[in-house]
2 protein chains.
Amino acid sequence: MIRVGVNGYGTIGKRVADAVAAQADMELVGVTKTTPNYGAEAAIRRGYDLYVAIDDRADQFEAAGLKVTGTLSDLLDAVDVVVDCCPSGIGERNRSIYEAHGVPAIYQGGEDAGIADASFNARGSYEVARGADSLRVVSCNTTGLSRLLAPLDEAYGIEKARVTLVRRGGDPSETDRGPINDVVPDPRTVPSHHGPDVNTVLSDVDVDTAALRAPVTAMHTHSVNVTLDGDPSAAAVGALLADESRLFLIPEGAGIDGAGALKDYAADVGRPRGDLWENCVWEESISVEGRDLYLFQNVHQEADVVPENVDAIRALMTDTPREESVARTDESLGVGLDSLLSDGNSARSPLAADD
Amino acid sequence: MIRVGVNGYGTIGKRVADAVAAQADMELVGVTKTTPNYGAEAAIRRGYDLYVAIDDRADQFEAAGLKVTGTLSDLLDAVDVVVDCCPSGIGERNRSIYEAHGVPAIYQGGEDAGIADASFNARGSYEVARGADSLRVVSCNTTGLSRLLAPLDEAYGIEKARVTLVRRGGDPSETDRGPINDVVPDPRTVPSHHGPDVNTVLSDVDVDTAALRAPVTAMHTHSVNVTLDGDPSAAAVGALLADESRLFLIPEGAGIDGAGALKDYAADVGRPRGDLWENCVWEESISVEGRDLYLFQNVHQEADVVPENVDAIRALMTDTPREESVARTDESLGVGLDSLLSDGNSARSPLAADD
């Protein structure tokens, strides 16, 4: 039983906590909050032990009627591993605290790559965890790109990948974000940091990325071009991708035309919080012109790194092989969204949302 | 003096009418409307003779207090050339009417390429007008791509261009358009029609396009990759593009971060309707990795085809050489937006908004 603490119960942390709690080989010891807001209340409602991330704020929680089990320091004393889900940059500040407690740590992709011994994606770089004392689960966009490029590189070889990322402006709960009514080059320079970040997972893949920000909240959209060494048919690429458990091919007949319908579908099939842990690849978009593959995929920024964090815990703390960890994570959460409308590309199990 | 009629006084038509009226060698005989709405009133306020596009509706205009000079048929009898600015598909229905009156016609890019003898872009295919009886000015996106790719192909040779178009959902006045809070693959298949449409102007350029639609109204955004035959520096590409009168390089120091600021700037410098006739290329984005050029550009869907329509009239009706027509159009309208903040790449004249 791996005893896990989640430091930072926000957009990612609350999802990682739920995912850890669903693992037979893990125990969620507790989660931390800095302020006694609705998130802290929700943690207690779920039965999670709440620790206060800033020592002298325990009184604020008590005053709000929220029971606190202890401080971050108490949590670190009680766990085998901590998953840092704090906002970007805070993980770096927390590192010395984790090290002082001798607790292995998993960081998120908002931190610089140098924060941890290795950058982690279950599909692209599971083996880097061997001998590491800390891991960084790469960001949602890098996770989405790594999951897609790894099988393409293995099957056909990648000469060069070029991706335009149309990023969501903010999460649904982030009312202070923008833009409104604009598509903003961000950064205005090319390439964006995403390509180099992919190389922390897939070091040999030549990839250039250009990033924009759009006034949407649900998902990121990637317009992907990959010049392959081989020249497979679009159908062959579709079959290859459909065989990946964390890639969902949106079937033509499903009537799904955007992120809104995707999220609506996820909610309809019972996904907690309407989460899409899988890359969502538009099956109709998969096209091959010569050796140039094109496709669109959507990435749910709140959710796709969640199963990766679970695998990162197992990779860091045990000798579990990749295939076994991924299978256990996927089965416990219900990862592997297959539409009943799909055209038979995949032999995966139907969705088991309540597992 | 070329006598010009504009059939359809909508988003494009009203701008083309103003541009024609500003030419020393052209006379705007009149414009048509189908309904007596605010656009019809605005035409009369500007002193344009109003013709009713649907014969039996003259009474509606009179009832609304709007003086009508005649019908479309009357307009066609009074002009040397008609510019069809009707909604997509209506041009095709109008073709037999123009032919019955023996009037050469210029259509817009929403029509199929087969509607006219040739597809026109002043930078990419001015010479196609020789001997033609009709022209189709390609769409705003195709115009933007043609203006960019033509000089790159001439200077360096294009091995392959790959463009993701993040299209505006609708114009500011189109309240019935979408999407809201979504980025929609449109079409979901790749390539979109834009690449083949570029080939109606630049037949030899290998170009694949993928298109999305975003909840914005101001401009289209293009994420452009061009694999060149040569490997120029980014600065050399910047200088090449800055030398094109219908490309505006947005300088780094200008504080322009998106389409909203671009339109605001256009209004500040006195552009009618805040129009941007030029492609707006983000100077900071111009990057070369090996032989791969990357850049972002914005295209004002309401405006960039307007100078092209003026040149199309001259190309179709006279023997004016390209350089002379473009120079006259640009000078009369004030095309050639140079920021005072630009870094000296360009030797073009400063903006003359009131010309």
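Let's start with strand S1 of chain B: four bridges join S1(B) to strand S5 (residues 81–84) of chain B, and the two run parallel. This is a predicted model, where local features need pLDDT of at least 70, side-chain atom pairs count only at pLDDT 80 or more, and totals for chains, interfaces and linings use all residues. Residues are numbered from 1 along each chain as its sequence is written, chains are lettered from A in the order in which they are written, and side-chain values use heavy atoms, leaving out hydrogens and water. Helices (H or I, at least four residues) and strands (E, at least two) are DSSP runs, numbered from the N terminus.

- Five of the six residues of S1(B) (residues 2–7) are buried, so the strand is largely enclosed by the rest of the structure; buried means under 20% relative accessible area, with exposed over 50% and partly exposed in between (1.4 Å probe, protein chains only).
- On the S5(B) side, B:Asn7 stands opposite B:Asp84.
- S1(B) is also joined by five bridges to strand S2 (residues 26–33) of chain B, again running parallel.
- In that pairing, B:Ile2 stands opposite B:Met26 of S2(B).
- To get from S1(B) to S2(B), the chain crosses through helix H1 (residues 11–21) of chain B, a right-handed β-α-β crossover; right-handed means that, with the strands pointing away from the viewer, the path from the first strand over the helix to the second runs clockwise.
- H1(B) lies across S1, S2 and S5 of chain B, at about 160 degrees to S2(B); axes are lines fitted to C-alpha atoms, for helices over the stretch in contact (heavy atoms within 4.5 Å), and angles run from 0 to 180 degrees between N-to-C directions.

**The whole sheet**

- Eight strands make up an open sheet with parallel pairing, in the order S4-S3-S2-S1-S5-S6-S8-S7 (chain B); two strands pair if DSSP finds at least two bridges between them.
- At the edges sit strand S4 (70–71) and strand S7 (118–120) of chain B, each pairing on one side only.

**Helix H10**

- Within helix H10 (residues 259–268) of chain B, the buried residues are B:Ala259, B:Leu262, B:Lys263 and B:Ala266.
- Seen down the axis of H10(B), they fall within an arc of 95 degrees, so they line one face of the helix; the arc is that of the directions from the helix axis to the C-beta atoms.
- Their cover includes strands S13 (247–250), S14 (279–282) and S16 (292–299) of chain B.
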